[in-house]
Amino acid sequence: MLIGWIVLLVAANCIFAATPTISAVGSKLFTSDGDQFYIKGIAYQLISTDPLIDTDQCKRDAQQMKDLGANSIRVYHVDPAGDHKGCMDAFADAGIYLFVDLDDFPTQIQPDTPAWNQTQLAAFSAVMDEFQKYDNTALFFVGNEVLTTAEVSNAAPYVKAAVRDMKAYRDSKKYRKIPIGYSAADVPGLRPMLQNYLACGDNDAERAEFYSLNVYEWCGDSGYDGSGYSELQKNASGYNIPIFVSETGCRVSRPRLFTDQAAILGPEMSGTWSGAIVYEWIQEANDYGLIIYGTMVDPQVSTDALDGYPRSGTPSTISPDYENLKSQWATLSPTGVKLSAYLNSAKMTPPACPTSTAGGWIVNGNAALPSIGQTLDTAATASGAATKPTATGSASKATASATGGGTTTGGKEVTGMCVALLGVMLCFMIWL
């Protein structure tokens with residue numbers, strides 16, 4: 001009898017010990033349970049430094065997001081030295097995953113003077129060290145809207161170099177393979193060259209593991225064709241890595257109806273796209289918010305209330321936008337495909353690397369990526385000599401930072417250990 005109870009306790013721990021982790025397989029996202037994962041996300045940046053250190057606020061917001069139907073948040077800026085356990089646990093308890101940017105204002109890749117150096121690598125690594133230990137960390141962005149015109153497309157190799165080196169760093173630390181990719185501005189002059197560039201090439205170590213777009217073209221009760229979403233779907237058809245919308249929520253026409261969610265999560269796009277993140281949670285002067293924390297105040301009196309909008313408190317929903325999004329998500333539950341079935345059928349091929357075009361994309365997609373410490377040679381042509389080393393330039397090697405953490409066991413490994421332990425216990429019961 002005692003052994004039987006021990007087996008039950010081990011089983012309970014296996015069931016409740018860890019949140020299913022997210023991984024990128026082929027062109028889709030899957031949970032460690034083998035289910036395809038679709039994003040119903042919210043952009044969440046209450047303050048400019050780090051919204052994931054106030055546990056009480058996170059608990060309030062997580063419960064409200066659960067009511068909304070969200071399963072993910074995107075956070076753009078964090079402090080890797082902060083204590084994030086309370087907030088990450090609060091969101092995990094609500095079934096919410098974190099999509100987090102590795103860069104910050106001082107370390108982001110600049111479009112006009114792009115660089116990828118040891119300082120940036122160390123800063124990116126510190127964020128990864130901190131958040132890789134949470135099972136509900138879904139993925140990492142190396143940049144957000146670095147390229148906004150075709151004229152600065154020569155910054156793309158630096159984005160791809162950051163992907164390469166952060167993948168190398170992650171693997172050298174034996175962290176869980178949390179997907180690493182990029183969030184792009186939806187610029188017609190960069191379609192589909194940028195998305196193909198980040199996913200192309202024979203060297204898997206250099207390819208992004210997902211691609212996402214900030215899309216604001218579906219306004220009001222637009223449509224699949226009129227909004228340009230049909231063109232996005234056309235460009236993504238057959239894409240070899242997961243693709244999703246990392247920002248959406250046009251406010252040109254009010255109220256916001258969020259009818260684009262039915263396209264992204266419905267039959268038109270869900271076979272290719274992995275969902276969407278809506279901009280944004282908190283109401284600010286830009287008027288994209290879904291909730292507000294009480295009434296506006298004088299920012300001269302309450303210094304934590306930027307533009308007069310409080311940054312903490314009990315969330316109050318903004319009608320009818322909140323209800324409109326909630327009702328959209330409530331009717332959309334794509335099931336996708338099981339991982340086991342997908343592995344037996346999927347054969348994804350990287351796209352051809354784009355070539356330079358006059359007056360447009362200016363990067364030779366097959367050229368070598370810059371190494372750490374290289375800077376842009378503005379006199380370079382599209383022949384491939386896109387960068388030149390500085391005096392401190394060095395070969396690209398993702399080394400551990402001084403504060404780098406050790407190996408963390410992910411959800412799959414926990415599951416494996418549990419299965420093995422249960423097997424041993426059951427065999428022992430039979431022997432008895």
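This is a predicted model: local features need pLDDT of at least 70, side-chain atom pairs count only at pLDDT 80 or more; totals for chains, interfaces and linings use all residues.
Figure 1. A pair of aromatic rings is described by two values, the distance of the centres and the angle of the planes. For Phe 141 and Phe 210 the centres are 5.5 Å apart and the planes stand at 85 degrees, so the pair is edge-to-face. Phe 141 belongs to strand β6 (residues 137-144), whereas Phe 210 lies in the loop between α6 (193-199) and β8 (211-214); the pair therefore ties together parts that are 69 residues apart in sequence.

**Figure 2. The surroundings of Phe 141.** Ring pairs join Phe 141 and Phe 210 with Phe 99 and Phe 244, and these residues form a cluster. Phe 141 also has a charged residue over its face: Arg 74 lies there, at 4.2 Å from the ring centre. The structure as a whole holds 15 aromatic pairs, one of which is the edge-to-face pair of Phe 141 and Phe 210.

**Figure 3. The ring pair of Tyr 216 and Tyr 288.** The rings of Tyr 216 and Tyr 288 form an edge-to-face aromatic pair, with 6.0 Å from centre to centre and 70 degrees between the planes. Tyr 216 is found in the loop between β8 and α7 (229-236), and Tyr 288 in the loop between β10 (273-278) and β11 (291-292), so this pair ties together parts that are 72 residues apart in sequence. Is Tyr 288 buried or exposed? With a relative accessible area of 17%, Tyr 288 is buried, as residues under 20% are classed in this way. Tyr 216, at 26% relative accessibility, counts as partly exposed.

**Figure 4. A charge over the ring of Tyr 197.** This view shows Lys 160 together with Tyr 197. The charged end of Lys 160 sits over the ring of Tyr 197, and its distance from the ring centre is 4.6 Å.

**Figure 5. The largest pocket and its lining.** The space in the largest pocket is about 310 Å³. How many residues line the largest pocket? The lining consists of 16 residues, and those nearest the centre of the pocket are Ala 24, Gly 26, Asp 204, Glu 209 and Ile 241. Two or more lining residues are given by each of the elements β1 (22-25) and α5 (156-172). Strand β1 supplies the largest share of the lining, namely three residues.

**Figure 6. The disulfide of Cys 58 and Cys 87.** A disulfide is a covalent bond between the sulfur atoms of two cysteines. A search of the whole structure finds three disulfides, among them the link that joins Cys 58 to Cys 87, with a distance of 2.1 Å from S to S. This link is right-handed, with 85 degrees about the S-S bond. Cys 58 lies in helix α2 (residues 55-68) and Cys 87 in helix α3 (residues 85-93); the pair links distant parts of the chain, 29 residues apart. Cys 58 is buried, with a relative accessible area of 0%, and Cys 87 is buried as well, with a value of 1%.

**Figure 7. The disulfide of Cys 200 and Cys 353.** Cys 200 is joined to Cys 353 by a disulfide with an S to S distance of 2.0 Å. The link is right-handed, with 100 degrees about the S-S bond. Which parts of the chain does the pair link? Cys 200 is in the loop between α6 and β8, and Cys 353 is in the loop between α10 (339-345) and β13 (374-376), 153 residues apart. Cys 200 counts as buried at 1% relative accessibility, and Cys 353 counts as buried at 17%.

**Figure 8. The disulfide of Cys 219 and Cys 250.** The sulfur atoms of Cys 219 and Cys 250 are joined in a disulfide, 2.0 Å from S to S. With 95 degrees about the S-S bond, this link is right-handed. Cys 219 lies in the loop between β8 and α7, while Cys 250 lies in the loop between β9 (243-248) and α8 (260-264); the pair links distant parts of the chain, 31 residues apart. Cys 219 is partly exposed, with a relative accessible area of 27%, whereas Cys 250, at 8%, is buried.

Conventions
Residues are numbered from 1 along each chain as its sequence is written. Side-chain values use heavy atoms; hydrogens and water are left out. Rings of Phe, Tyr and Trp (its six-membered ring) pair if their centres lie within 6.5 Å; planes under 30 degrees apart count as stacked, over 60 as edge-to-face and the rest as tilted. Helices (H or I, at least four residues) and strands (E, at least two) are DSSP runs, numbered from the N terminus. Buried means under 20% relative accessible area, exposed over 50%, partly exposed in between (1.4 Å probe, protein chains only). A charge sits over a ring if NZ of Lys or CZ of Arg is within 6 Å of the ring centre and within 35 degrees of the ring normal. On a 1 Å grid over the protein atoms alone, a cavity is a set of points where a 1.4 Å probe fits but cannot get out, and a pocket is an open set with protein on both sides within 12 Å along at least five of seven lines; lining residues have an atom within 4 Å of a point. Grid points are joined across faces, edges and corners, and a volume is the space filled by probe spheres set on the points. A disulfide is a pair of cysteine sulfur atoms within 2.5 Å.
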